[in-house]
Amino acid sequence: MIREFKDSDTDQLVDVWARAGAVAHPFLPDAYVAQVAKDMRNIYLPNAETWVSVVDGQPNGFIALLGAEIGWLFVDPDAIGQGYGGALVDHAVGLKGPLRVEVFKDNKIGLPSYTRYGFIYESEALHEPSGAVAVQMAMADG
């Protein structure tokens with residue numbers, strides 16, 4: 001089931017983000033990760049259009065949208081490869097149409113997942129806050 005974010009989801013979603021991020025982004029500096037952890041709780045989750053994947057009554061992933069751009073998409077590492085991420089993207093596409101995303105080039109989980117879903121490489125650039133290279137991708141319009 002996918003539902004809208006509730007404030008009461010915050011602790012569980014920050015935990016999902018932290019555990020999934022450790023798997024997907026082991027290359028990010030600790031100081032950057034610590035800052036994003038604070039911002040995830042206080043800025044990103046409450047201010048984005050956030051949708052939550054729920055299994056057995058518990059959040060196991062989320063997609064946070066900034067208009068038609070995926071700001072964050074994370075699934076519990078124990079549930080990766082079970083279709084929850086794709087279901088969240090399907091839900092977002094149903095709401096917004098073709099989406100855009102920026103994903104770290106060294107993200108060995110996210111980058112291939114977006115490619116399999118049909119996102120197309122547009123460009124890449126240095127993500128200055130983290131020092132990592134980010135790839136901009138978009139879905140075809142039709």
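This note walks through the sheet, the helices and the nonpolar cores of one predicted model.

1. **Ground rules.** The model is predicted: local features need pLDDT of at least 70, side-chain atom pairs count only at pLDDT 80 or more, and totals for chains, interfaces and linings use all residues. Residues are numbered from 1 along each chain as its sequence is written, and side-chain values use heavy atoms, with hydrogens and water left out.

2. **The sheet.** Start with the open sheet of 7 strands. Its order is β1-β2-β3-β4-β5-β7-β6, and the pairing is mixed. Strands are DSSP runs (E, at least two residues), and helices are too (H or I, at least four), numbered from the N terminus. Two strands pair if DSSP finds at least two bridges between them. The edge strands, β1 (2-4) and β6 (119-127), each pair on one side only. On average, neighbouring strands are turned by 30° against each other, direction ignored.

3. **Two hairpins.** β2 and β3 run antiparallel, joined by 7 bridges. Thr50 has Ala64 in β3 as its bridge partner. Their hairpin has 2 residues between the strands, and Asp56 takes a positive phi near 50°. β3 and β4 also run antiparallel, with 6 bridges. Here Gly61 is partnered by Val75 in β4. This hairpin also has 2 residues between the strands, and Gly67 has a positive phi near 65°.

4. **A parallel pair.** β4 pairs with β5 (residues 100-104) in the parallel sense, over 2 bridges. Ile70 stands opposite Val101 in β5.

5. **Helices on the sheet.** α1 lies across β2, β3 and β4, at about 85° to β3. α2 lies across β2, β3, β4, β5 and β6, at about 100° to β2. Axes are lines fitted to C-alpha atoms, for helices over the stretch in contact; angles run from 0 to 180 degrees between N-to-C directions. β3 is mostly covered, with 7 of its 9 residues buried (under 20% relative accessible area, 1.4 Å probe, protein chains only).

6. **The largest core.** A nonpolar core is a set of buried Ala, Val, Leu, Ile, Met, Phe, Trp, Tyr and Cys residues joined through side-chain atoms within 4.5 Å. The largest one has 20 residues; Leu13, Trp17, Met40, Leu45, Phe62, Trp72 and Phe74 touch the most other members. α1 (10-24), α2 (30-47), β2 (49-55), β3 (58-66) and β4 (69-75) each give two or more residues. The largest share, 5 residues, comes from α1.

7. Beyond its neighbours within four places in sequence, Trp17 is in contact with Val33, Val36, Ala37, Met40, Phe62 and Phe74 (heavy atoms within 4.5 Å).

Terms used. Buried means under 20% relative accessible area, exposed over 50%, partly exposed in between (1.4 Å probe, protein chains only).
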